[in-house]
Amino acid sequence: MAKLIYIVEDERDIADLVEHYLKKDGFRSESISDGQRALERIRRQPPDLLVLDLMLPGMDGLELCRILRSEPATKRLPIIMLTAKAEETDKIVGLEMGADDYLTKPFSPKELMARIRAVFRRNQPPEEAKAVLNYGKITLDGERHVVSVSKKAVELTAKEFGLLEYLLKRPGRVLSREQILNAVWGQDYYGGNRTVDVHIRHLRKKIPLLDAAILTVKSFGYKIKEEE
């Protein structure tokens with residue numbers, strides 16, 4: 001599934017321009033013109049990357065960045081600041097606030113696309129490239145679509161397999177139910193977030209080692225513990 005990018009920008013023309021180039025490059029996008037509404041949207045469904053203006057109504061971009069970096073679910077969210085603030089001190093503040101990159105207006109849309117791709121390359125976790133994931137006595141072979149515990153195969157449904165693979169690639173990260181649902185079931189699934197709970201329960205039952213490894217984050221979602 002194409003990566004989802006939010007454009008937090010109150011200038012409609014700029015937002016439309018960025019959306020046009022993102023679509024050409026195969027990304028999905030959504031524009032939000034207000035900082036506070038952007039925070040609420042991100043908390044409901046974190047994107048894969050954020051293009052963030054600084055001077056916004058509702059909440060300025062620096063404050064939004066600060067809040068996102070302080071919350072477990074979004075502290076690693078890639079952020080590119082796109083702003084008219086071109087002074088060196090502005091760039092330093094933006095980068096120290098946690099932005100992954102900083103681009104000033106007027107800007108080249110092609111350069112922005114190149115920087116987005118570069119940020120994705122830098123933030124790609126090593127696990128993404130692994131066909132075989134190991135977690136204690138659990139082995140998940142993505143190419144063969146096989147899960148085993150102590151070399152004994154475990155029968156999982158396709159969604160259980162996808163859910164386990166998604167968790168194993170993100171040890172230690174708090175993941176919302178909506179985030180998991182969108183990644184494993186897709187954006188078009190309308191079955192409700194509790195579907196995730198049901199499949200987590202099935203995984204814990206089929207692989208008892210996961211009962212202690214998968215932690216429930218109250219009123220939010222789940223995380224799989226990092227291996228000790």
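So, where is the place of proline 106? Proline 106 sits in the loop between strand E5 (101-104) and helix H5 (109-123). And the peptide bond into proline 106 from lysine 105 is cis, with omega near -5°.

Before I go on, the ground rules. This is a predicted model, where local features need pLDDT of at least 70, side-chain atom pairs count only at pLDDT 80 or more, and totals for chains, interfaces and linings use all residues. Numbering runs from 1 along each chain as its sequence is written, and side-chain values use heavy atoms, with hydrogens and water left out. Helices (H or I, at least four residues) and strands (E, at least two) are DSSP runs, numbered from the N terminus.

For context, most residues other than glycine have a negative phi, and most peptide bonds are trans.

Okay, helix packing. Axes are lines fitted to C-alpha atoms, for helices over the stretch in contact, with angles from 0 to 180 degrees between N-to-C directions. Angles under 35 degrees count as roughly parallel, over 145 as roughly antiparallel, 65 to 115 as roughly perpendicular, and the rest as oblique.

Start with H2 (residues 35-44) and H3 (residues 61-70): their axes come within 10 Å and cross at roughly 20°. That makes H2 roughly parallel to H3. As for contacts (heavy atoms within 4.5 Å), Gly35, Ala38, Leu39, Ile42 and Arg43 in H2 meet Leu64, Ile67 and Leu68 in H3.

Next, H1 (residues 12-24) against H5, at about 55° with axes 10 Å apart. So H1 is oblique to H5. On the H1 side we have Leu17, Val18, Tyr21 and Leu22, and they meet Pro109, Lys110, Leu112, Met113 and Ile116 in H5.

Last pair: H6 (residues 158-168) and H8 (residues 194-206), packed at about 85° with axes 10 Å apart. That makes H6 roughly perpendicular to H8. Among the residues in this contact are Leu163, Leu164 and Leu167 from H6, and Val196, Ile200 and Leu203 from H8.

One side-chain thing to finish. The charged end of lysine 3 sits over the ring of phenylalanine 120, 5.0 Å from its centre. The rule there is NZ of Lys or CZ of Arg within 6 Å of the ring centre and within 35 degrees of the ring normal.
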